[in-house]
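Biologist: I am new to this structure and would like to learn how to read it. Could you take me through a few features, one at a time?

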Amino acid sequence: MLKSSKSHASTSPNGNGSEDLKESIGNHLKYSQAKNWETSTPLDHYTSVALTVRDRLVERWINTQHEYHVKDPKRIYYLSMEFLVGRALSNYLVNLDFKNDFYQAVKDLGIRLEDLEENDIEAGLGNGGLGRLAACYLDSMATLGLPAYGYGIRYEYGIFYQKIIDGYQVETADNWLRTGTPWEIPRPDYMYAVKFYGTTRQGIGQEGQPISEWVDTHDDVMAMAYDIPIPGYHNQTVNNLRLWGARSTREFDLGVFNEGDYVQAVSRKQQSETISKVLYPNDQNMWGKELRLKQEYFFVSATLQDIIRRYKRTHATYEKFSSKVAIQLNDTHPALAIPELMRILVDKECRPWEEAWEVVVATFGYTNHTVLPEALEKWTVELMGRVLPRHLEIIYEINQRFLEQARKEYPNDKKRIERLSLIEENPVKSIRMSSLAIVGSHAVNGVAQLHSEILKNKVFKDYKDLFPERFHNITNGITQRLWLKSCNPELAELITETVGDKWTTHLDTLRQLLPYVKDDDFRQRWKEIKQNNKARLARHVKQELSIDLNPDSLFDVHVKRLHEYKRQLLCALHAIVIYNRLKEHPVMECVPRTILFAGKAAPGYEMAKLVIKLITSIADKVNGDPDTSDKLKVIFVPNYSVTKAEWIIPGADLSEQVSTAGHEASGTGNMKLSLNGALTIGTLDGANVEIRDRVGEENIFIFGLTAEEVEQTRKTEYHPRDYYDSNPELKQALDMIRDGYFAPKHPHIFLPLIDSLLKHGDPYRVLADFGSYIETQKKVETLYRNPDAWTRKSIINSANMGSFSSDRSIREYCRLIWGIEP
C-alpha cells in the first residue's frame, strides 16, 4: 500500500537522504502531477521519482555550465546522429551515488521498483554500436570533468520498434515520447532557422570582394533545443546533451485556412516536421534519400549556429575559434558541418577563404566507423545541388583547391588525382562525404588497430600518403559504470569486495583479480554469480517469449545489428548442425546449448530480414521437437535494446563475434561480454584482435580466415561450392534450408540466402569459415565440460578488460586530437 510522506525537520530540498527523497517525491506528486497518493498511478509515481532525481542534477548542471562560461575553457562538441543512452533513471542513480537511500525511500513509500522500471522508457535516439559508443563517451567525458557537449536529433519515433510476427521482422513506430519524458528540458529560447533549396546569387561585398548569397529558400524549418543532463560518476560535473527537434516556421497558412482548406493549411507544417520524426529513414527511394540529406543538414546547421552563439558571448573575432572549439564528427553523417562552417565564415562573417579554411581544418576531427565501401556515404551532385545549392558550390571550391595541392605532390599521377577527388564521376556523379571529412579535418581516427591499418593502407591510402600526420588509432571503449556496476551488481560487488572500488574509474585495476584465479572460494563465488545471472536471463525470456531455458546449458549469445558481414547466418548453420547430430544420434552425450540471437535489421535490408526469418524458423523447428528441445534451444529476442542487453550480457557464457575478418571496425559488444566474464569465439576482426592480445590466445576461441586471407580470396578465384561439396554437414544444412525443411508452407523462401552463398560468390566467406568455426565450437564444448577451467578463463577475460574502458578512449582523444587535459 502506498504511504504518504511526512515533513521531516532535517530534510532539505536537494538532500540525498531517504527522508529528503521521500519528501521530494511527495511534493512532486502533489505539485507537479497534481495528484494525491490515493488517485495516483504508476506513471505518476515514476514521474515524481524522476523529477526528484532530476532536481539533484539541476544545481550541479547549472553550476557546471556557469563554470564553463566563467573560465572559458576549450570545449568539446561531439556530433553524432545516434545516442543510445538506455534507461535514464538507473544510469543517473549509479553516477549520483545515492542508490541505497533511493531504494529505501521508494520502499518506504510503497512504490514498486517493477513499476518504475516499466515506465523508465528508453529514449529512441539510436540503433546500435554507434549510438551506444556515443553514450559511453558522454559518460566518460563527464566523469573525467571535461567541458563537453553532445549534439544530436530528438527523434520522435526512434528507428522502429521491432516485432516478430510469423517469424518476420515487422517495424512499428517506437513512440517513446507517448507519455513524455521527465529528463529533457525544452529550450524554446534556443531556436534556429534551417534553410533548404533556393539558389545562389553572386555579388560584390563592401570591400570589393566577391560574395555569394543563398536566396529564395523554401520549406525552411526551425530547430528547437531539448537538453538532457549527463552527470559524471561521483563528481560535480553535469554536462549537456542537446537534441534538435524540427518545428515549422509557422503553424499553418492562414490564407489557405480562411479559404476553408484546413488540411492543406497544416500540411506544410507536418511535412517540415518530418525531419526529426525517424532515425535513418529508408533511403531505398529518392524521397527517403532527400529526407535523410535534409535531416543531416538540419542537425549540423542548428548545432553550428549554437556553437557559434556560445563562442561569440566571449569572443569578438574568430582568431581563437579552434583553440576554444573542438568538433568531433562521430562517423560520416555530420560531415556537412565542414562546408556549413565554411559558408558561415565566408558568406556571413566575410572572412577570406584561406583564413576560414584554416579555422575549419583546425576545428574538426573525424572518426570513421566502417571499411565497407557501400557504407561510405555519398550524395549525388544533383540532389545536393537541389537541396543545398550553396554547399555544393563550396564543396566544389574545396575540391578544386585541394586537388591543386595534390597535383603539386603528384604532378603526373592522373589516376591518383581521380581517386583523391571529392567528386566521384561514375557511375553517378556524387560527393564522397568521407573524403570531405578527411580533407576538412586535422585528425582522422579509426576505432581499432586492425581497422585503422585497413583505413591507412587500403581504404584511404591516398589520403594517408598526402596527410600521414592526420591518421590515428583510438580503439573504442565502454563505460564500466553501466556495463558492469549497473547491469551486473552481484559481480561488481564481488570485485569491489576483492580489490576495492577504484575500478569504477580506473578499469585497469581489474588486473588485481588475476591472483584470485587460483582461489577456490573466489572461483566458486564467480561461478555462482554467473549462474544467478543466467537464471535471471531465463526468467526474462520466460516472461517475454514463454520459453523455458535451462540455466545449466551453455548460453551462446549473438546480439548485434543484423548484417550479412556480422554473419548471424554462420551461427544459424551451426544450430542446424547440432540439431542434425541430435536427430541422428538421440542418445549422444552433448553439452546442452541455448543459442540466443537479438538485433534489428534495417527496414530496407531484405537479406538481413530474411536471416531473421530463418533464425525464427529454425527456432520453431528445434524448440518444438521433443527429441532435441531439452538439449538445444534457439531464441530470437525481439526489439534488442540497451535494457535487454543489460540482462542478456551478464548471463552469457559464450560471446559470438564472428564477422568476416576485415569488415567490423571495432565492435563494443565483444568488450561488454568479455568484461562480464563471457568467453569469446571470433575471427581476428575489429577489436577481437586486441582482446586476444590482452587475454591471451589460450583464453579465447579464434577461428577462420584473417583479413589478409579474406582479401586474397578476392584477388584469386574463390569457389564456395567446393566447401559445399566437401563438407557433408554443411551440405546437409544448406540443402535443408533450400528444400524448405524449416518453412514447409513456403519452401522457396530462403533461396536468396542459398543463392548468395552458392551462386553469387559467398561475399562474406561464410562457407570458407564454416569448417573452422564448427571445429572451434567443439573446443568450446570440451572446455565447458570442465566448469572449473571455464571459470578460470572467465575471470582472466574480465581481469584483462582494463584497456577497453571508454575513459581510456577519451583520454586518447584528448591527447591525440582535441589538445585538452582531462
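Modeller: Gladly, and let us begin with handedness. A crossing is left-handed if the near helix is turned anticlockwise from the far one by less than a right angle, and right-handed if clockwise. Helices (H or I, at least four residues) and strands (E, at least two) are DSSP runs, numbered from the N terminus. With that in hand, the crossing of α1 and α2 is right-handed.

Biologist: Before we go on, what kind of model is this?

Modeller: This is a predicted model, in which local features need pLDDT of at least 70 and side-chain atom pairs count only at pLDDT 80 or more, while totals for chains, interfaces and linings use all residues. Residues are numbered from 1 along each chain as its sequence is written, and side-chain values use heavy atoms, with hydrogens and water left out.

Biologist: At what angle do α1 and α2 pack?

Modeller: Two packed helices are described by the angle between their axes and the distance between the axes. Here α1 (residues 18-32) and α2 (residues 42-71) pack at about 120 degrees, with axes 8 Å apart. The axes are lines fitted to C-alpha atoms, for helices over the stretch in contact, and angles run from 0 to 180 degrees between N-to-C directions. α1 and α2 are therefore oblique to each other; under 35 degrees counts as roughly parallel, over 145 as roughly antiparallel, 65 to 115 as roughly perpendicular and the rest as oblique. The contact residues divide into five nonpolar, six polar and four charged. Ala, Val, Leu, Ile, Met, Phe, Trp, Tyr, Cys and Pro count as nonpolar, Asp, Glu, Lys and Arg as charged, and the others, Gly among them, as polar.

Biologist: How do α22 and α23 pack, roughly parallel or roughly antiparallel?

Modeller: Their angle is about 20 degrees and their axes are 10 Å apart, so α22 and α23 are roughly parallel. The crossing of α22 and α23 is left-handed. Their contact includes Leu 569, Ala 572 and Ile 576 of α22 and Val 611, Leu 614 and Ile 618 of α23. By class, the contact of α22 with α23 has 10 nonpolar, one polar and one charged residues.

Biologist: Where is the cis peptide bond?

Modeller: A cis peptide bond joins Asn 426 and Pro 427, with omega about 0 degrees. Pro 427 lies in the loop between β13 (423-424) and β14 (430-432).

Key: Contact = heavy atoms within 4.5 Å.
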